Structure formats: structure tokens, C-alpha cells
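Have the sequence and the 3D view ready as you read.

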Amino acid sequence: MRLNPTKKRPFVVGFVGGIAAGKTHFGAALESLGAVRIDADAIGHRVLQDPAVQSRLCELFGDAIVRSDGTLDRKALAACVFGDTPVAKAAKLQLEELVHPRIHALAVAKLQEYQAACEPPVVVVIDAPLLLEAGWAPYCDAIIFIETPFAVRARRALERGWTETHLRDREASQLPLNEKRKQATHVVSGQLDESQVAAYCEDLVAQIEMRSGA
Ligand SMILES: CC(C)(COP(=O)(O)OP(=O)(O)OC[C@H]1O[C@@H](n2cnc3c(N)ncnc32)[C@H](O)[C@@H]1O)[C@@H](O)C(=O)NCCC(=O)NCCS
Ligand SMILES: Nc1ncnc2c1ncn2[C@@H]1O[C@H](COP(=O)(O)OP(=O)(O)OP(=O)(O)O)[C@@H](O)[C@H]1O
């Protein structure tokens, strides 16, 4: 039996950049053109709801990370793991050792599901803030760095309820921006207006379709 020899493989786009650079924004624009998006933050939040994960987190960080109604307090957990002290750094490693393999397995399963679909999507977007750090680059056909100045990102993060310190603490624990930029295959401004973002994504999809002969 031949297995659908003409079936096209989806083109996988990973977005990287600073926090609040606009990765999800570009991903959503691609989704509106028919792409599907794998959202690593959302998968991470699901993993944190796993009772076995929660119980291990309580062993590691104490019961204060769980609210009185039994749900995990992500803000409290964030306070344990993001910071410049050796204790916070060790705590972040412990959290990542616990959740990253689970996030990775779920994301890869999702990617394989899209790849095996009878009618695979033309584009799969991987929206993973730690795409490079967590070793997901080999899954990507293109890695797009979104270039957005710190001041703009700080304003966006503020609107999300973060302080500048939150932003700096988290960003300090990621790969430096110049390194992310270096490892990318494309660079785009994170300050494009809506119609420019749409035009960029339309052009990208057109190039991908042309390449794959779709
Ligand atoms: C620490 C947690 C509980 C904080 O939850 P919170 O709701 O405040 O943040 P959220 O998950 O929405 O992440 C927001 C942003 O923080 C940054 N961030 C999250 N985790 C990390 C990390 N381990 N290292 C560096 N930056 C991180 C990312 O830029 C992310 O987009 C949560 O981020 C978490 O469980 N992180 C570990 C899992 C992880 O690494 N997720 C990233 C996807 S691979
Ligand atoms: N080009 C843009 N113009 C105007 N606002 C934007 C633009 N790009 C992103 N934003 C806004 O900035 C905020 C952060 O964007 P987004 O969530 O896409 O960033 P992110 O890189 O995915 O963030 P994170 O690092 O937390 O995953 C959102 O409120 C979004 O609507």
C-alpha cells in the first residue's frame, strides 16, 4: 500500500523575540490565513494543572503556590523562579526539569497530528517563547525574529499588568536577544500596523505555497 505519496508536509514557522515582541500577534495573523498554531505557553498552563505535577511542585516550593481552592497560583510560582538569586535560578531549573519534557511531548504530538492529517495545514506556527532554549529549532523550516524595542515591549507588558522588573527578570533568564536574532532565518519589525502585519503574513504564505507547489 502506498501512503498518500502526493501529500504535502506543512511548513513550520517558529516565532522568536523578546517578551511581548508580538509573537502571538503574528501567529494570530497567520491563523486567520488558515495556519494552525501550537501555543507552548497554553500547553505549559495545562501541564501545571496535572495533579502529579502540582504535587511535585508543592514538594519543591511549598504549599503557598496553591490557592485555598486547590488551584495553582502561577503568580506565586513565578515569584519563586524568576529572579537574579542563585535560589531562584535553581528553582527555575527544577520547574523546567519537571514541565519541559511534558510540554515538549504534547507539542510534538500536536505537530505530528497536523503532519499526519489527511489534509495537512499549509503552515504550522510554533509559538514558544523558549523555542531556541528548549531545542525546538530543528522542527522549524523558518524561524522569524520579531524586532521590537525594549520601551515598546515594556509598555505592552505594563498593559498586561507586569512591571518593568517582571519583564527584565524573565527576559534575563532567556537567551540574549542578539543570540535569538542570530539564530533566526528571517527578521521582521514588531511595530508594523495591522495591515502591514497582514500583508507580511499573506506574502509569507504565498511564498510557502509557491515553494510547495500548492
Ligand atoms: C512560571 C510560570 C508558572 C508563570 O506563569 P505566568 O502565567 O505568569 O506566565 P506565562 O506562563 O503566561 O508566561 C509568560 C512569559 O513568561 C516567559 N517565561 C515563561 N516561562 C519561562 C521560563 N521557564 N524561562 C524564561 N521565561 C519564561 C515567556 O516569555 C512567556 O511567554 C509559567 O510561565 C511556567 O510554568 N513556566 C515554565 C514553563 C515554561 O518554560 N513555559 C514556556 C513555554 S516553553
Ligand atoms: N504590531 C503590533 N502593533 C500593536 N500592538 C501589538 C503589535 N504586536 C503585538 N502587539 C500587542 O502587544 C502585546 C504583546 O503581544 P504578543 O502577546 O503578541 O507578544 P508575545 O511576543 O507573544 O508575548 P510573550 O513573550 O509573552 O509570549 C499584545 O497586547 C498585542 O496585542
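Which residues does isoleucine 38 touch, not counting residues up to four places away in sequence? Before the answer, a word on the ground rules. This is a predicted model, in which local features need pLDDT of at least 70 and side-chain atom pairs count only at pLDDT 80 or more, while totals for chains, interfaces and linings use all residues. Residues are numbered from 1 along each chain as its sequence is written, and chains are lettered from A and ligands numbered from 1 in the order in which they are written.

Now to isoleucine 38: leaving aside residues up to four places away in sequence, its contacts are Ala107, Lys110, Leu111, Val124, Val125, Ile126 and Asp127. Here, two residues are in contact if their C-beta atoms, placed from the backbone, lie within 7 Å. Isoleucine 38 sits in strand 2, residues 36-39. Helices (H or I, at least four residues) and strands (E, at least two) are DSSP runs, numbered from the N terminus. Isoleucine 38 counts as buried because it has 24 C-beta neighbours inside 10 Å. The cut-offs are these: 20 or more other C-beta atoms within 10 Å of a residue's own make it buried, 12 or fewer make it exposed, and anything in between is partly exposed, with C-beta atoms placed from the backbone.

Let's move on to strand 1. Seven of the seven residues in strand 1 are buried. On one side these are Phe11, Val13, Phe15 and Gly17, and on the other Val12, Gly14 and Val16, so both faces are covered. Strand 1 also has partners (strands pair if DSSP finds at least two bridges between them). It pairs with strand 3 in the parallel sense over four bridges, and there valine 12 stands opposite valine 124. Strand 1 and strand 4 also run parallel, joined by five bridges; phenylalanine 145 in strand 4 is the bridge partner of valine 16.

What lies around these strands? The largest nonpolar core has 38 residues, of which Val13, Leu30, Val123, Val125, Ile126 and Ile144 touch the most other members. A nonpolar core is a set of buried Ala, Val, Leu, Ile, Met, Phe, Trp, Tyr and Cys residues joined through C-beta atoms within 7 Å. Elements giving two or more residues to this core include strand 1 (11-17), helix 1 (23-31), strand 3 (123-127) and strand 4 (142-147). The largest share, five residues, comes from strand 1. Valine 123 touches Pro10, Phe11, Val13, Leu30, Ala35, Val205 and Ile208, again not counting residues up to four places away in sequence. A residue is near a ligand if its C-beta atom, placed from the backbone, lies within 6 Å of it. Of the 21 residues around ligand 1, Ala40, Gly44, Arg74, Ala78 and Pro129 come nearest. Helix 5 gives the most to this shell, with five residues. The shell around ligand 1 divides into 13 nonpolar, three polar and five charged residues. In this count, Ala, Val, Leu, Ile, Met, Phe, Trp, Tyr, Cys and Pro are nonpolar, Asp, Glu, Lys and Arg are charged, and the others, Gly among them, are polar.

Around ligand 2 there are 15 residues, with Gly22, Lys23, Thr24, His25 and Arg156 coming nearest. Helix 1 gives the most to this shell, with three residues. UniProt, in an unreviewed entry, lists Ala20, Ala21, Gly22, Lys23, Thr24 and His25 under "binding site"; such annotations may be inferred rather than shown by experiment, and the positions are in the numbering used here, with feature names shortened. Alanine 20 lies in the loop between strand 1 and helix 1 and has a positive phi of about 65° although it is not a glycine. Histidine 25 lies in helix 1 and counts as partly exposed because it has 17 C-beta neighbours inside 10 Å.
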